[in-house]
Amino acid sequence: MSHVQLNRISKSFSLRVDGKPQTIHALRDVSFEIAQGEIVALAGPSGCGKTTCLRIIMGLETATSGEITVGGRRVSGCGHDRGMVFQHAELLPWKTAAENIKFALAAKGVASSELDAMAARYLELVNLGHAANRRPHQLSGGMRQRIGIARALAIDPEVLLMDEPFGALDSQTRETLQMEVLSIHQRTRKTVIFVTHDLDEAVLLADRVVVMSQGSVQEIISVDVPRPREDIRAIIASTEFMTKRARIWSALHDAKPRPPILESAA
Amino acid sequence: MSQSTDTAPLAPIAAARPVARAWRMPDWMITTISILVFLGLWESARDHIDPLFASYPSAILKAAWRMTLNGRLPDALWESAQPFLAGYALAAILGVPIGLLLGRYRVLQAAFGIYVTAGYSTPLIALVPLLLLWFGLGFTVKTVIIFLLTFFPICINSWAGVRAVPKSLVEVGTAFCASQQTIMRQIVLPAVLPYIMAGLRLGVGKAVIAMVIAEFLTAISGLGGVIMSSANAFRTADMFVPIILIMVLAVLLTNFVEWIERRIAPWQTELTGHDAP
Ligand SMILES: Nc1ncnc2c1ncn2[C@@H]1O[C@H](COP(=O)(O)OP(=O)(O)OP(=O)(O)O)[C@@H](O)[C@H]1O
Ligand SMILES: [Mg+2]
(Lines give C-alpha, C1' and ligand atoms only; values in the text may rest on other atoms or scores of the structure.)
(Ligands and ions follow the chains in the order given, each with its own letter.)
Protein backbone atom coordinates (compact mmCIF):
# COMPACT_ATOMS: atom_id res chain seq x y z
CA MET A 1 0.00 0.00 0.00
CA SER A 2 1.35 3.40 -0.82
CA HIS A 3 2.11 5.60 2.14
CA VAL A 4 2.73 8.88 0.36
CA GLN A 5 0.99 9.55 -2.90
CA LEU A 6 1.46 12.54 -5.16
CA ASN A 7 -1.24 12.85 -7.75
CA ARG A 8 -0.54 15.26 -10.61
CA ILE A 9 0.91 18.00 -8.45
CA SER A 10 1.55 21.34 -10.09
CA LYS A 11 2.81 24.48 -8.46
CA SER A 12 3.31 27.86 -10.01
CA PHE A 13 4.58 31.04 -8.45
CA SER A 14 3.46 34.41 -9.71
CA LEU A 15 5.80 37.28 -9.27
CA ARG A 16 6.72 40.58 -10.80
CA VAL A 17 10.07 41.18 -12.34
CA ASP A 18 10.71 44.74 -13.47
CA GLY A 19 6.99 45.36 -13.35
CA LYS A 20 6.19 42.47 -15.66
CA PRO A 21 4.11 39.66 -14.23
CA GLN A 22 5.78 36.28 -14.53
CA THR A 23 4.67 32.80 -13.76
CA ILE A 24 7.19 30.18 -12.74
CA HIS A 25 5.97 26.64 -13.07
CA ALA A 26 8.05 25.14 -10.31
CA LEU A 27 6.28 21.77 -10.52
CA ARG A 28 4.28 20.37 -13.41
CA ASP A 29 2.20 17.25 -13.14
CA VAL A 30 4.40 15.48 -10.64
CA SER A 31 3.06 12.06 -9.71
CA PHE A 32 4.69 9.27 -7.77
CA GLU A 33 3.90 6.92 -4.95
CA ILE A 34 6.02 5.89 -2.04
CA ALA A 35 5.42 2.65 -0.19
CA GLN A 36 5.36 2.33 3.59
CA GLY A 37 8.95 2.08 4.82
CA GLU A 38 10.49 3.05 1.52
CA ILE A 39 13.39 5.48 1.17
CA VAL A 40 13.16 7.72 -1.85
CA ALA A 41 15.75 10.21 -3.04
CA LEU A 42 14.83 13.32 -5.01
CA ALA A 43 17.64 14.34 -7.31
CA GLY A 44 18.01 16.87 -10.06
CA PRO A 45 19.77 20.07 -10.99
CA SER A 46 19.50 23.20 -8.88
CA GLY A 47 16.18 24.97 -9.24
CA CYS A 48 14.30 21.99 -10.66
CA GLY A 49 11.73 22.00 -7.86
CA LYS A 50 12.98 19.53 -5.25
CA THR A 51 12.54 21.82 -2.27
CA THR A 52 9.14 22.95 -3.54
CA CYS A 53 8.06 19.33 -3.82
CA LEU A 54 9.15 18.57 -0.26
CA ARG A 55 7.48 21.71 1.09
CA ILE A 56 4.21 20.73 -0.54
CA ILE A 57 4.37 17.26 1.00
CA MET A 58 5.11 18.88 4.37
CA GLY A 59 2.14 21.20 3.96
CA LEU A 60 4.14 24.41 4.07
CA GLU A 61 3.06 25.23 0.54
CA THR A 62 -0.21 24.43 -1.18
CA ALA A 63 -0.14 22.94 -4.64
CA THR A 64 -1.77 24.93 -7.41
CA SER A 65 -3.44 21.73 -8.54
CA GLY A 66 -3.27 18.04 -7.72
CA GLU A 67 -3.59 16.10 -4.52
CA ILE A 68 -1.30 14.57 -1.95
CA THR A 69 -2.20 11.88 0.53
CA VAL A 70 -0.10 10.66 3.42
CA GLY A 71 -1.29 7.47 5.07
CA GLY A 72 -4.55 7.74 3.17
CA ARG A 73 -5.32 11.23 4.48
CA ARG A 74 -5.36 14.21 2.20
CA VAL A 75 -2.63 16.68 3.11
CA SER A 76 -3.80 20.12 4.07
CA GLY A 77 -1.31 21.90 6.27
CA CYS A 78 1.31 20.48 8.57
CA GLY A 79 1.02 17.48 10.83
CA HIS A 80 3.03 15.47 13.33
CA ASP A 81 2.93 12.53 10.93
CA ARG A 82 5.60 14.33 8.91
CA GLY A 83 8.90 15.72 10.15
CA MET A 84 11.02 18.15 8.16
CA VAL A 85 14.76 18.74 8.04
CA PHE A 86 15.29 22.08 6.33
CA GLN A 87 17.94 22.80 3.74
CA HIS A 88 19.46 25.47 5.99
CA ALA A 89 18.71 23.89 9.40
CA GLU A 90 16.51 26.84 10.49
CA LEU A 91 17.14 26.61 14.21
CA LEU A 92 15.67 29.30 16.44
CA PRO A 93 18.66 31.55 17.25
CA TRP A 94 17.45 32.40 20.76
CA LYS A 95 17.13 28.79 21.83
CA THR A 96 19.93 26.44 22.77
CA ALA A 97 20.42 23.16 20.93
CA ALA A 98 18.40 21.30 23.56
CA GLU A 99 15.67 23.95 23.64
CA ASN A 100 15.29 23.79 19.87
CA ILE A 101 14.52 20.10 20.14
CA LYS A 102 12.26 20.65 23.13
CA PHE A 103 10.34 23.24 21.11
CA ALA A 104 9.34 20.55 18.60
CA LEU A 105 8.60 18.02 21.34
CA ALA A 106 6.42 20.46 23.28
CA ALA A 107 4.52 21.39 20.13
CA LYS A 108 3.74 17.70 19.71
CA GLY A 109 2.38 17.61 23.24
CA VAL A 110 5.12 15.62 24.99
CA ALA A 111 4.79 16.00 28.76
CA SER A 112 7.12 18.65 30.13
CA SER A 113 8.60 16.19 32.61
CA GLU A 114 9.96 14.12 29.73
CA LEU A 115 11.28 16.97 27.58
CA ASP A 116 14.78 17.13 29.07
CA ALA A 117 15.46 13.43 28.87
CA MET A 118 14.15 13.12 25.31
CA ALA A 119 16.05 16.14 24.04
CA ALA A 120 19.22 14.76 25.59
CA ARG A 121 18.64 11.39 23.97
CA TYR A 122 18.22 12.83 20.48
CA LEU A 123 21.20 15.14 20.87
CA GLU A 124 23.23 12.12 21.84
CA LEU A 125 21.95 10.37 18.72
CA VAL A 126 23.61 12.98 16.52
CA ASN A 127 26.67 13.10 18.80
CA LEU A 128 25.99 16.57 20.15
CA GLY A 129 25.39 15.79 23.81
CA HIS A 130 28.24 18.13 24.71
CA ALA A 131 26.66 21.07 22.85
CA ALA A 132 23.23 20.92 24.48
CA ASN A 133 23.46 24.37 26.02
CA ARG A 134 24.98 26.23 23.10
CA ARG A 135 23.04 28.53 20.84
CA PRO A 136 23.04 27.95 17.07
CA HIS A 137 25.52 30.71 16.23
CA GLN A 138 28.01 29.09 18.59
CA LEU A 139 27.88 25.91 16.51
CA SER A 140 29.33 25.01 13.14
CA GLY A 141 27.09 24.65 10.10
CA GLY A 142 27.31 20.87 10.26
CA MET A 143 26.43 20.81 13.95
CA ARG A 144 23.39 22.97 13.26
CA GLN A 145 22.31 20.62 10.52
CA ARG A 146 22.62 17.67 12.90
CA ILE A 147 20.41 19.43 15.44
CA GLY A 148 17.90 20.02 12.66
CA ILE A 149 17.94 16.28 11.99
CA ALA A 150 17.61 15.46 15.69
CA ARG A 151 14.67 17.86 15.95
CA ALA A 152 12.82 16.14 13.11
CA LEU A 153 13.58 12.66 14.44
CA ALA A 154 12.52 13.64 17.95
CA ILE A 155 8.86 14.02 17.06
CA ASP A 156 8.99 10.46 15.72
CA PRO A 157 7.17 11.18 12.44
CA GLU A 158 5.86 8.47 10.13
CA VAL A 159 7.39 10.24 7.17
CA LEU A 160 10.76 11.92 7.42
CA LEU A 161 11.36 14.70 4.89
CA MET A 162 14.94 15.85 4.52
CA ASP A 163 16.13 18.65 2.26
CA GLU A 164 19.83 18.07 1.51
CA PRO A 165 20.38 16.98 5.09
CA PHE A 166 24.03 16.04 4.76
CA GLY A 167 25.13 18.56 2.17
CA ALA A 168 27.09 20.73 4.59
CA LEU A 169 28.86 17.94 6.42
CA ASP A 170 32.34 16.52 6.20
CA SER A 171 32.51 13.04 4.70
CA GLN A 172 33.14 11.35 8.04
CA THR A 173 30.14 12.89 9.77
CA ARG A 174 28.05 12.42 6.68
CA GLU A 175 28.84 8.72 6.67
CA THR A 176 28.02 8.38 10.35
CA LEU A 177 24.66 10.07 9.86
CA GLN A 178 23.92 8.09 6.72
CA MET A 179 24.51 4.91 8.71
CA GLU A 180 22.36 6.34 11.46
CA VAL A 181 19.53 6.98 9.03
CA LEU A 182 19.89 3.44 7.70
CA SER A 183 19.82 1.92 11.16
CA ILE A 184 16.88 4.08 12.31
CA HIS A 185 15.11 3.03 9.17
CA GLN A 186 15.98 -0.61 9.80
CA ARG A 187 14.46 -0.39 13.28
CA THR A 188 11.44 1.81 12.68
CA ARG A 189 10.64 1.29 9.00
CA LYS A 190 9.92 4.96 8.60
CA THR A 191 9.16 6.31 5.19
CA VAL A 192 11.92 8.69 4.17
CA ILE A 193 12.03 11.23 1.36
CA PHE A 194 15.24 13.14 0.97
CA VAL A 195 16.75 15.56 -1.48
CA THR A 196 20.34 15.05 -2.47
CA HIS A 197 22.91 16.13 -5.02
CA ASP A 198 25.19 13.28 -4.06
CA LEU A 199 24.96 10.23 -6.32
CA ASP A 200 26.66 7.91 -3.84
CA GLU A 201 24.27 8.98 -1.13
CA ALA A 202 21.26 8.45 -3.37
CA VAL A 203 22.28 4.92 -4.26
CA LEU A 204 23.47 4.07 -0.79
CA LEU A 205 20.33 5.12 1.06
CA ALA A 206 17.44 5.02 -1.36
CA ASP A 207 15.23 2.29 -2.70
CA ARG A 208 14.31 4.50 -5.61
CA VAL A 209 15.67 7.71 -7.00
CA VAL A 210 13.29 10.23 -8.53
CA VAL A 211 15.20 12.29 -11.06
CA MET A 212 13.54 15.63 -11.68
CA SER A 213 14.03 18.03 -14.52
CA GLN A 214 12.43 21.42 -15.06
CA GLY A 215 9.74 20.80 -12.51
CA SER A 216 8.64 17.39 -13.66
CA VAL A 217 9.67 13.83 -13.00
CA GLN A 218 12.09 12.75 -15.67
CA GLU A 219 12.72 9.23 -14.53
CA ILE A 220 12.32 6.99 -11.51
CA ILE A 221 15.16 4.56 -11.03
CA SER A 222 15.01 1.58 -8.67
CA VAL A 223 18.21 0.93 -6.82
CA ASP A 224 17.76 -2.74 -5.89
CA VAL A 225 20.72 -2.95 -3.53
CA PRO A 226 19.56 -5.42 -0.87
CA ARG A 227 18.95 -4.33 2.72
CA PRO A 228 20.23 -4.25 5.39
CA ARG A 229 22.97 -2.12 3.91
CA GLU A 230 25.49 -2.28 6.68
CA ASP A 231 28.87 -2.47 5.06
CA ILE A 232 29.24 0.77 3.14
CA ARG A 233 32.64 -0.23 1.83
CA ALA A 234 31.38 -3.45 0.31
CA ILE A 235 28.34 -1.76 -1.20
CA ILE A 236 30.31 1.04 -2.79
CA ALA A 237 32.71 -1.45 -4.32
CA SER A 238 29.96 -3.67 -5.69
CA THR A 239 29.12 -3.72 -9.39
CA GLU A 240 25.39 -3.19 -8.76
CA PHE A 241 26.25 0.01 -7.01
CA MET A 242 28.46 1.11 -9.86
CA THR A 243 25.90 0.40 -12.56
CA LYS A 244 23.11 2.17 -10.68
CA ARG A 245 25.32 5.11 -10.01
CA ALA A 246 26.21 5.37 -13.67
CA ARG A 247 22.57 5.02 -14.59
CA ILE A 248 21.51 7.90 -12.32
CA TRP A 249 24.45 9.94 -13.44
CA SER A 250 23.36 9.79 -17.05
CA ALA A 251 19.75 10.55 -16.12
CA LEU A 252 20.91 13.62 -14.19
CA HIS A 253 23.16 14.55 -17.04
CA ASP A 254 20.17 14.76 -19.34
CA ALA A 255 18.09 16.68 -16.85
CA LYS A 256 17.65 20.38 -17.48
CA PRO A 257 17.78 22.90 -14.66
CA ARG A 258 15.26 25.63 -13.90
CA PRO A 259 11.60 25.37 -14.79
CA PRO A 260 10.50 27.62 -17.65
CA ILE A 261 9.36 31.13 -16.89
CA LEU A 262 6.24 32.24 -18.67
CA GLU A 263 5.70 35.92 -19.12
CA SER A 264 2.00 36.36 -19.15
CA ALA A 265 0.36 39.42 -20.59
CA ALA A 266 -2.24 41.11 -18.36
CA MET B 1 63.22 18.97 4.88
CA SER B 2 65.60 21.55 6.22
CA GLN B 3 68.12 20.50 8.80
CA SER B 4 67.03 22.76 11.59
CA THR B 5 63.64 21.13 11.97
CA ASP B 6 64.81 17.67 12.98
CA THR B 7 66.60 18.86 16.10
CA ALA B 8 64.00 20.96 17.84
CA PRO B 9 60.60 19.46 18.58
CA LEU B 10 57.96 22.05 17.90
CA ALA B 11 55.31 21.38 20.49
CA PRO B 12 57.25 22.15 23.71
CA ILE B 13 58.41 25.50 22.32
CA ALA B 14 54.87 26.50 21.46
CA ALA B 15 53.69 25.43 24.89
CA ALA B 16 56.46 27.25 26.71
CA ARG B 17 55.69 30.56 25.06
CA PRO B 18 52.00 31.29 25.11
CA VAL B 19 51.08 34.04 22.69
CA ALA B 20 51.23 37.29 24.62
CA ARG B 21 48.05 39.30 24.20
CA ALA B 22 48.48 43.02 23.98
CA TRP B 23 46.69 44.86 26.79
CA ARG B 24 43.54 46.54 25.57
CA MET B 25 42.17 49.57 27.32
CA PRO B 26 38.61 48.89 28.48
CA ASP B 27 35.87 50.94 26.82
CA TRP B 28 34.80 52.72 30.00
CA MET B 29 38.34 53.93 30.58
CA ILE B 30 38.53 55.41 27.08
CA THR B 31 35.19 57.15 27.64
CA THR B 32 36.30 58.54 30.99
CA ILE B 33 39.56 59.88 29.57
CA SER B 34 37.65 61.45 26.69
CA ILE B 35 35.29 63.25 29.09
CA LEU B 36 38.13 64.42 31.36
CA VAL B 37 40.08 65.80 28.39
CA PHE B 38 36.99 67.57 27.11
CA LEU B 39 36.24 69.12 30.52
CA GLY B 40 39.90 70.08 30.93
CA LEU B 41 39.97 71.86 27.57
CA TRP B 42 36.70 73.63 28.36
CA GLU B 43 37.96 74.73 31.80
CA SER B 44 41.26 75.96 30.39
CA ALA B 45 39.34 78.38 28.22
CA ARG B 46 37.70 80.00 31.26
CA ASP B 47 39.66 83.25 30.99
CA HIS B 48 38.34 83.81 27.52
CA ILE B 49 34.74 83.09 28.47
CA ASP B 50 32.37 85.93 29.30
CA PRO B 51 30.18 84.50 32.14
CA LEU B 52 27.25 86.35 30.63
CA PHE B 53 27.30 84.46 27.34
CA ALA B 54 28.74 81.09 28.33
CA SER B 55 30.20 79.25 31.27
CA TYR B 56 32.88 76.75 32.25
CA PRO B 57 32.89 73.52 34.29
CA SER B 58 34.02 74.84 37.71
CA ALA B 59 31.46 77.67 37.65
CA ILE B 60 28.72 75.23 36.63
CA LEU B 61 29.75 72.84 39.39
CA LYS B 62 29.61 75.64 41.93
CA ALA B 63 26.18 76.69 40.71
CA ALA B 64 24.99 73.08 40.86
CA TRP B 65 26.16 72.78 44.46
CA ARG B 66 24.40 75.99 45.45
CA MET B 67 21.17 75.02 43.63
CA THR B 68 21.20 71.58 45.26
CA LEU B 69 21.63 73.05 48.73
CA ASN B 70 18.86 75.60 48.37
CA GLY B 71 16.55 72.93 47.01
CA ARG B 72 15.88 74.51 43.62
CA LEU B 73 17.47 71.71 41.60
CA PRO B 74 15.96 68.71 43.47
CA ASP B 75 12.52 70.33 43.35
CA ALA B 76 12.77 71.00 39.63
CA LEU B 77 14.06 67.48 38.99
CA TRP B 78 11.17 65.96 40.89
CA GLU B 79 8.72 68.18 39.07
CA SER B 80 10.13 67.09 35.70
CA ALA B 81 10.54 63.43 36.56
CA GLN B 82 6.83 62.85 37.26
CA PRO B 83 5.41 63.72 33.82
CA PHE B 84 8.51 62.23 32.18
CA LEU B 85 8.08 58.83 33.79
CA ALA B 86 4.29 58.86 33.41
CA GLY B 87 4.42 59.86 29.72
CA TYR B 88 7.24 57.48 28.85
CA ALA B 89 5.70 54.53 30.67
CA LEU B 90 2.34 55.14 29.00
CA ALA B 91 4.01 55.37 25.57
CA ALA B 92 5.88 52.09 26.16
CA ILE B 93 2.90 50.23 27.61
CA LEU B 94 0.65 51.23 24.70
CA GLY B 95 3.21 51.61 21.91
CA VAL B 96 4.77 48.14 22.03
CA PRO B 97 1.57 46.03 21.95
CA ILE B 98 -0.13 48.29 19.41
CA GLY B 99 2.94 48.05 17.17
CA LEU B 100 2.93 44.26 17.53
CA LEU B 101 -0.75 44.05 16.61
CA LEU B 102 -0.31 46.34 13.60
CA GLY B 103 2.49 44.14 12.30
CA ARG B 104 0.68 40.89 12.97
CA TYR B 105 -2.76 41.60 11.54
CA ARG B 106 -3.17 42.86 8.01
CA VAL B 107 -6.57 44.44 8.63
CA LEU B 108 -5.35 46.44 11.63
CA GLN B 109 -2.33 47.56 9.66
CA ALA B 110 -4.49 48.71 6.76
CA ALA B 111 -6.94 50.45 9.07
CA PHE B 112 -4.64 52.16 11.57
CA GLY B 113 -1.09 52.01 10.18
CA ILE B 114 -1.61 55.29 8.35
CA TYR B 115 -2.24 57.16 11.62
CA VAL B 116 0.92 55.83 13.21
CA THR B 117 2.97 56.76 10.16
CA ALA B 118 1.38 60.20 10.13
CA GLY B 119 1.93 60.68 13.86
CA TYR B 120 5.54 59.64 13.50
CA SER B 121 6.35 61.97 10.64
CA THR B 122 4.40 65.07 11.74
CA PRO B 123 5.94 67.58 14.14
CA LEU B 124 3.44 67.06 16.93
CA ILE B 125 4.84 70.12 18.72
CA ALA B 126 2.41 72.01 16.49
CA LEU B 127 -0.42 70.59 18.58
CA VAL B 128 0.84 72.08 21.84
CA PRO B 129 -1.34 75.24 21.73
CA LEU B 130 -4.39 73.05 21.29
CA LEU B 131 -3.28 70.68 24.05
CA LEU B 132 -2.92 73.66 26.37
CA LEU B 133 -6.56 74.50 25.74
CA TRP B 134 -7.61 70.96 26.47
CA PHE B 135 -5.43 70.03 29.41
CA GLY B 136 -4.40 73.29 31.04
CA LEU B 137 -0.88 74.03 32.17
CA GLY B 138 -0.05 71.38 34.73
CA PHE B 139 1.13 67.82 35.06
CA THR B 140 -1.48 66.43 32.66
CA VAL B 141 -0.55 68.48 29.63
CA LYS B 142 3.15 67.72 30.11
CA THR B 143 2.43 64.02 30.37
CA VAL B 144 0.33 64.17 27.20
CA ILE B 145 3.04 66.00 25.24
CA ILE B 146 5.72 63.54 26.36
CA PHE B 147 3.43 60.62 25.60
CA LEU B 148 2.61 61.91 22.10
CA LEU B 149 6.21 62.46 21.08
CA THR B 150 7.39 59.13 22.53
CA PHE B 151 4.55 56.83 21.55
CA PHE B 152 5.11 56.94 17.80
CA PRO B 153 8.78 55.98 17.59
CA ILE B 154 8.19 53.13 20.05
CA CYS B 155 5.11 51.93 18.18
CA ILE B 156 6.59 52.21 14.70
CA ASN B 157 9.68 50.26 15.76
CA SER B 158 7.82 47.25 17.10
CA TRP B 159 5.56 47.39 14.05
CA ALA B 160 8.55 47.32 11.70
CA GLY B 161 10.06 44.58 13.86
CA VAL B 162 7.14 42.21 13.33
CA ARG B 163 7.36 42.72 9.60
CA ALA B 164 11.08 41.90 9.67
CA VAL B 165 10.65 38.52 11.38
CA PRO B 166 12.21 35.93 9.05
CA LYS B 167 9.43 33.96 7.37
CA SER B 168 11.57 30.83 7.48
CA LEU B 169 11.58 30.84 11.29
CA VAL B 170 7.81 31.23 11.52
CA GLU B 171 7.65 28.28 9.12
CA VAL B 172 9.59 26.16 11.60
CA GLY B 173 6.76 26.74 14.05
CA THR B 174 4.20 25.88 11.39
CA ALA B 175 6.07 22.76 10.31
CA PHE B 176 6.15 21.42 13.86
CA CYS B 177 2.49 22.34 14.38
CA ALA B 178 3.10 24.84 17.16
CA SER B 179 0.02 26.80 18.19
CA GLN B 180 -0.41 30.42 17.07
CA GLN B 181 0.20 31.45 20.66
CA THR B 182 3.46 29.51 20.84
CA ILE B 183 4.62 30.92 17.51
CA MET B 184 3.86 34.43 18.75
CA ARG B 185 5.59 33.98 22.10
CA GLN B 186 8.55 31.81 21.16
CA ILE B 187 9.32 32.90 17.60
CA VAL B 188 7.83 36.29 16.73
CA LEU B 189 8.40 38.01 20.07
CA PRO B 190 12.08 37.05 20.48
CA ALA B 191 12.71 38.08 16.88
CA VAL B 192 11.05 41.47 17.44
CA LEU B 193 12.71 42.13 20.79
CA PRO B 194 15.75 43.96 19.36
CA TYR B 195 13.42 46.28 17.44
CA ILE B 196 11.28 46.93 20.52
CA MET B 197 14.36 47.77 22.55
CA ALA B 198 15.66 50.07 19.80
CA GLY B 199 12.30 51.84 19.93
CA LEU B 200 12.47 52.19 23.70
CA ARG B 201 15.97 53.59 23.40
CA LEU B 202 14.91 56.12 20.80
CA GLY B 203 11.93 56.90 23.01
CA VAL B 204 14.19 58.05 25.85
CA GLY B 205 15.68 60.76 23.65
CA LYS B 206 12.28 61.82 22.32
CA ALA B 207 10.80 61.93 25.82
CA VAL B 208 13.63 64.16 27.07
CA ILE B 209 13.09 66.60 24.19
CA ALA B 210 9.35 66.53 24.80
CA MET B 211 9.84 67.18 28.49
CA VAL B 212 11.97 70.29 28.00
CA ILE B 213 9.70 71.66 25.27
CA ALA B 214 6.65 71.04 27.41
CA GLU B 215 8.22 72.96 30.25
CA PHE B 216 9.19 75.83 27.96
CA LEU B 217 5.77 76.16 26.42
CA THR B 218 3.48 75.48 29.37
CA ALA B 219 3.89 76.80 32.88
CA ILE B 220 7.56 77.56 33.27
CA SER B 221 8.43 74.74 35.66
CA GLY B 222 10.71 71.82 36.26
CA LEU B 223 14.22 71.59 34.77
CA GLY B 224 13.05 73.34 31.59
CA GLY B 225 11.70 76.15 33.76
CA VAL B 226 15.06 76.53 35.50
CA ILE B 227 16.75 76.80 32.10
CA MET B 228 14.30 79.49 31.01
CA SER B 229 14.37 81.63 34.13
CA SER B 230 18.17 81.42 34.46
CA ALA B 231 18.57 82.42 30.84
CA ASN B 232 16.21 85.37 31.30
CA ALA B 233 18.21 86.48 34.36
CA PHE B 234 21.51 86.08 32.45
CA ARG B 235 22.67 83.53 35.04
CA THR B 236 24.38 81.41 32.40
CA ALA B 237 26.10 79.02 34.80
CA ASP B 238 22.74 78.27 36.45
CA MET B 239 21.29 77.60 33.03
CA PHE B 240 23.93 74.98 32.25
CA VAL B 241 23.21 73.00 35.42
CA PRO B 242 19.83 71.54 34.36
CA ILE B 243 21.04 71.11 30.77
CA ILE B 244 23.96 68.97 31.89
CA LEU B 245 21.82 67.13 34.42
CA ILE B 246 19.34 66.24 31.66
CA MET B 247 22.18 65.11 29.42
CA VAL B 248 23.64 62.86 32.09
CA LEU B 249 20.25 61.38 33.00
CA ALA B 250 19.38 60.73 29.34
CA VAL B 251 22.66 58.92 28.75
CA LEU B 252 22.17 56.85 31.91
CA LEU B 253 18.62 55.94 30.91
CA THR B 254 19.70 54.95 27.42
CA ASN B 255 22.46 52.76 28.85
CA PHE B 256 19.96 51.26 31.26
CA VAL B 257 17.67 50.25 28.38
CA GLU B 258 20.69 48.77 26.58
CA TRP B 259 21.61 46.86 29.70
CA ILE B 260 18.09 45.43 29.93
CA GLU B 261 18.33 44.42 26.28
CA ARG B 262 21.56 42.54 26.87
CA ARG B 263 19.96 40.79 29.82
CA ILE B 264 16.79 39.63 28.08
CA ALA B 265 18.17 39.13 24.56
CA PRO B 266 21.76 37.97 24.99
CA TRP B 267 21.75 36.15 21.64
CA GLN B 268 21.34 39.44 19.83
CA THR B 269 24.61 41.01 20.94
CA GLU B 270 26.30 37.68 20.35
CA LEU B 271 24.94 37.61 16.82
CA THR B 272 25.76 41.14 15.83
CA GLY B 273 28.48 42.01 18.33
CA HIS B 274 31.64 42.78 16.48
CA ASP B 275 35.03 43.28 17.97
CA ALA B 276 36.44 46.29 16.23
CA PRO B 277 40.17 46.90 16.70
N1 LIG C 1 8.56 31.48 -3.10
C2 LIG C 1 8.92 31.43 -4.40
N3 LIG C 1 8.59 32.43 -5.24
C4 LIG C 1 8.94 32.38 -6.53
N5 LIG C 1 9.62 31.40 -7.09
C6 LIG C 1 9.98 30.36 -6.33
C7 LIG C 1 9.67 30.32 -4.94
N8 LIG C 1 10.16 29.18 -4.41
C9 LIG C 1 10.76 28.54 -5.44
N10 LIG C 1 10.66 29.23 -6.59
C11 LIG C 1 11.17 28.84 -7.90
O12 LIG C 1 10.79 27.52 -8.12
C13 LIG C 1 11.87 26.79 -8.70
C14 LIG C 1 12.18 25.57 -7.87
O15 LIG C 1 12.78 25.97 -6.66
P16 LIG C 1 13.26 24.92 -5.58
O17 LIG C 1 13.68 25.67 -4.38
O18 LIG C 1 12.22 23.89 -5.39
O19 LIG C 1 14.53 24.29 -6.29
P20 LIG C 1 15.49 23.12 -5.79
O21 LIG C 1 15.34 21.99 -6.73
O22 LIG C 1 15.27 22.83 -4.35
O23 LIG C 1 16.93 23.76 -6.02
P24 LIG C 1 18.26 23.61 -5.13
O25 LIG C 1 18.86 22.29 -5.47
O26 LIG C 1 19.11 24.73 -5.62
O27 LIG C 1 17.88 23.74 -3.70
C28 LIG C 1 13.02 27.75 -8.86
O29 LIG C 1 13.06 28.18 -10.20
C30 LIG C 1 12.67 28.90 -7.94
O31 LIG C 1 13.11 30.09 -8.52
MG1 LIG D 1 16.36 23.14 -2.57
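Me: What volume does the second largest cavity have?

Reply: About 40 Å³. That volume is the space filled by probe spheres set on the grid points, which are joined across faces, edges and corners. Before we go on: this is a predicted model, where local features need pLDDT of at least 70 and side-chain atom pairs count only at pLDDT 80 or more, while totals for chains, interfaces and linings use all residues. Residues are numbered from 1 along each chain as its sequence is written, chains are lettered from A and ligands numbered from 1 in the order in which they are written, and side-chain values use heavy atoms, with hydrogens and water left out.

Me: How do you know which residues line the second largest cavity?

Reply: A lining residue has an atom within 4 Å of a point. By that rule the list is A:V126, A:I149, A:L153, A:F166, A:L177, A:E180, A:V181 and A:I184. Helix 4 (141–154) and helix 5 of chain A are the elements that give two or more residues to this lining, and helix 5 of chain A gives the most, with four. Helices here are DSSP runs (H or I, at least four residues), as are strands (E, at least two), numbered from the N terminus.

Me: What is the lining of the second largest cavity like by class?

Reply: Seven nonpolar, no polar and one charged. Ala, Val, Leu, Ile, Met, Phe, Trp, Tyr, Cys and Pro count as nonpolar, Asp, Glu, Lys and Arg as charged, and the others, Gly among them, as polar. This lining also draws at least three residues from each of domain 1 (2–81 + 161–264) and domain 2 (87–156) of chain A, with bounds from an automatic or database domain assignment.

Me: And which residues line the largest cavity?

Reply: A:L153, A:L160, A:V181, A:I184, A:H185, A:K190 and A:V192. Helix 5 (residues 171–188) of chain A has the largest share, three residues. By class this lining has five nonpolar, one polar and one charged residues.

Me: What makes A:T51 and A:Q87 count as coordinating the magnesium ion (ligand 2)?

Reply: Donors are N, O and S atoms within 2.8 Å of the metal (3.2 Å for Na, K and Ca). A:T51 (OG1) and A:Q87 (OE1) sit at 1.8 to 2.5 Å, so they qualify. A:T51 is in helix 1 (residues 50–58) of chain A and A:Q87 in the loop between strand 6 (82–85) and helix 2 (97–108) of chain A, so the pair ties together parts 36 residues apart in sequence. Water is not among the atoms, so sites may look incomplete.

Me: Why is A:S10 called buried?

Reply: Buried means under 20% relative accessible area, exposed over 50%, partly exposed in between (1.4 Å probe, protein chains only). A:S10 has 16%, so it is buried. By contrast, A:T51, at 28%, is partly exposed.

Me: What does A:S10 contact, leaving aside its neighbours within four places in sequence?

Reply: A:L27, A:R28, A:D29, A:A63, A:T64 and A:S65, where contact means heavy atoms within 4.5 Å. A:S10 itself is found in strand 1 (residues 2–17) of chain A.

Definitions and conventions
On a 1 Å grid over the protein atoms alone, a cavity is a set of points where a 1.4 Å probe fits but cannot get out, and a pocket is an open set with protein on both sides within 12 Å along at least five of seven lines; lining residues have an atom within 4 Å of a point.
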